[in-house]
Amino acid sequence: MKTVLVTGAGGYIGSVLVPKLLSKGYKVKALDRFFFGKDKLKENSNLTLIQEDSRRLHEEVFANVDFVIDLVAVSNDPSGELFEEATWQTNHVSRVRTASIAKKMGVKRYVLPSSCSIYGFQDHKVDETAKTNPLTVYARANEKAENGVFKLADDDFSVTVMRQSTVFGYSPRMRLDLAINGMTYGAWKNRKLPLMRDGKQYRPMVHIQDTTDVMCLLLEADTAKINGQLFNIGSAENNYQLGPLGEKIAETVSKLVGEKVEVEWYGDPDHRSYSVSFDKIEKTLNWKAQWNAEKGAKEIVEKLENGELEKNTQTLTLDWYKDLIKWHKIIKDAEMYGGILEI
Ligand SMILES: NC(=O)c1ccc[n+]([C@@H]2O[C@H](COP(=O)([O-])OP(=O)(O)OC[C@H]3O[C@@H](n4cnc5c(N)ncnc54)[C@H](O)[C@@H]3O)[C@@H](O)[C@H]2O)c1
């Protein structure tokens with residue numbers, strides 16, 4: 001049995017990836033601070049939870065590990081701007097350090113799930129050879145991480161970077177701060193679909209089941225094809241402009257709920273716009289995305305209707321981190337003898 005160390009394993013992507021790896025017969029070491037709780041991963045005899053900060057990893061964590069999937073991050077643009085230093089240290093410094101220790105400890109493969117947001121603004125469709133244009137702390141930290149980990153690749157240590165499109169779809173650690181997920185929620189709950197101005201921006205999307213499938217394929221693929229390689233992860237069909245995407249989701253949800261759904265614009269015009277080519281991943285792994293926005297929106301509406309999904313602060317990454325920090329101070333100030341009222 002091969003062992004995979006997944007960092008950020010309790011997060012949106014991690015809590016879908018970990019059960020998938022277990023079902024494929026891997027042992028998994030799931031490492032996370034568990035900022036979103038430990039309840040997102042179900043117990044399994046082949047699963048070990050490790051509560052640790054990625055900035056403080058020790059060599060013992062890598063004992064008997066064959067592969068690393070390094071999902072850990074402060075995971076969106078607004079959180080990156082507010083928690084700038086933590087974002088640099090976690091998303092860039094810790095990931096390069098994790099890859100270095102992994103290499104030293106004899107791990108065979110390292111996969112970095114990065115982001116297409118590194119393309120920032122582009123006026124034409126780009127592939128992996130394009131000049132990047134990272135516009136935010138989050139995107140710049142991802143780019144530095146990519147450059148840092150690629151330097152470690154050699155014949156005994158395979159390094160692959162996935163530049164993921166914006167992810168959508170259901171996860172036990174749901175994120176409603178992601179475009180399709182948030183649009184679908186607003187359309188379902190209030191019959192008002194939130195759409196970021198001006199709607200002309202291009203943004204590729206990928207379903208969470210599709211991107212986690214690629215992560216699994218990268219553990220099995222011939223390293224001659226993937227070592228030292230960068231792949232955009234998504235599909236031509238899901239290379240959306242946000243305006244038409246919003247209309248498509250409004251129409252899908254409207255049909256499901258039998259009521260009209262209106263678009264509600266918000267924010268200043270988005271400066272990020274990138275349309276991306278996915279030919280390389282499709283050809284190299286003979287893989288194709290199985291999901292599109294309508295199918296993803298239907299899945300989310302189904303989860304909302306059957307009560308498996310609800311909106312709370314934990315589904316909004318930035319708001320949750322702000323809350324944790326606020327309550328950390330309140331609890332520290334009030335706690336005595338290890339408790340509040342009960343001591
Ligand atoms: N979700 C997307 O649309 C998307 C798109 C492109 C790339 N990505 C990348 O995929 C990865 C996973 O994203 P996600 O959507 O699952 O985010 P997430 O916020 O749900 O998960 C990140 C996890 O990392 C943990 N974490 C954060 N800082 C930590 C630290 N210092 N030490 C230990 N654990 C820590 C959190 O507790 C959380 O469980 C990230 O690297 C993100 O940048 C995500």
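Thr3 counts as partly exposed, because 19 C-beta neighbours lie inside 10 Å; a residue is buried if 20 or more other C-beta atoms lie within 10 Å of its own, exposed if 12 or fewer, and partly exposed in between, with C-beta atoms placed from the backbone. This is a predicted model, in which local features need pLDDT of at least 70 and side-chain atom pairs count only at pLDDT 80 or more, while totals for chains, interfaces and linings use all residues. Residues are numbered from 1 along each chain as its sequence is written. Thr3 belongs to strand S1 (residues 3-7); helices (H or I, at least four residues) and strands (E, at least two) are DSSP runs, numbered from the N terminus. Leaving aside neighbours within four places in sequence, Thr3 is in contact with Tyr26, Lys27, Lys29, Asn64, Val65 and Asp66, where contact requires C-beta atoms, placed from the backbone, within 7 Å. Between Thr3 and Leu41 there are 38 residues of separation in sequence and 17 Å in space, C-alpha to C-alpha.

Val4 is one of the residues that touch the most other members of the largest nonpolar core, together with Val6, Ile69, Tyr110, Ile180 and Ile249; this core has 88 residues. A nonpolar core is a set of buried Ala, Val, Leu, Ile, Met, Phe, Trp, Tyr and Cys residues joined through C-beta atoms within 7 Å. In soluble globular proteins, nonpolar side chains tend to be buried together.

## Overall fold

The protein chain has 11 helices and 12 strands. Its C-alpha trace spans about 60 × 55 × 35 Å along the principal axes. A compact globule of 343 residues would have a radius of gyration near 20 Å, and the protein chain agrees, with 20 Å; the radius is taken over C-alpha atoms, and the globule rule is 2.2 Å times the number of residues to the power 0.38.

Buried residues account for 45% of the 343 residues in the protein chain. Of the contacts between residues at least 6 apart in sequence, 77% join residues at least 24 apart.

In helix H1 (residues 14-23), the buried residues are Gly14, Ser15, Val16, Leu17, Val18 and Leu21. Their cover includes S1, S2, S3, strand S4 (67-70) and helix H6 (208-220). Gly25, with a positive phi near 95°, follows H1.

Helix H4 (residues 137-150) has 14 residues, which at 1.5 Å a residue should span 20 Å; the end C-alpha atoms are 20 Å apart, which agrees. The expected span is 1.5 Å times one less than the number of residues. H4 is mostly covered, with 10 of its 14 residues buried, among them Val137, Tyr138 and Val149. The buried residues of H4 pack against helix H2 (77-82), helix H3 (84-104), S5 and strand S6 (158-164). Trp88 is found in helix H3 and is partly exposed, with 19 other C-beta atoms within 10 Å. Apart from neighbours within four places in sequence, Trp88 is in contact with Val93 and Ala141.

## The ligand shell

There are 29 residues around the ligand, of which Gly8, Gly11, Phe35, Ala73 and Ser75 come nearest. The elements giving two or more residues to this shell are strand S5 (109-115) and strand S7 (166-168). A residue is near a molecule or strand if its C-beta atom, placed from the backbone, lies within 6 Å of it.

By class, the shell has 12 nonpolar, 11 polar and six charged residues. Ala, Val, Leu, Ile, Met, Phe, Trp, Tyr, Cys and Pro count as nonpolar, Asp, Glu, Lys and Arg as charged, and the others, Gly among them, as polar.

## Backbone geometry in the loops

Most residues other than glycine have a negative phi, and most peptide bonds are trans. Phe34, not a glycine, has a positive phi of about 60°. Phe34 lies in the loop between strand S2 (27-32) and strand S3 (47-51) and is partly exposed, with 19 other C-beta atoms within 10 Å.

Arg191 also has a positive phi, near 60°. Its place is the loop between helix H5 (179-190) and S8, and Arg191 is partly exposed, with 16 other C-beta atoms within 10 Å. The peptide bond from Arg197 to Asp198 is cis, with omega near 0°. Asp198 is located in the loop between strand S8 (192-196) and strand S9 (202-207).

Notes
Contact = placed C-beta atoms within 7 Å.
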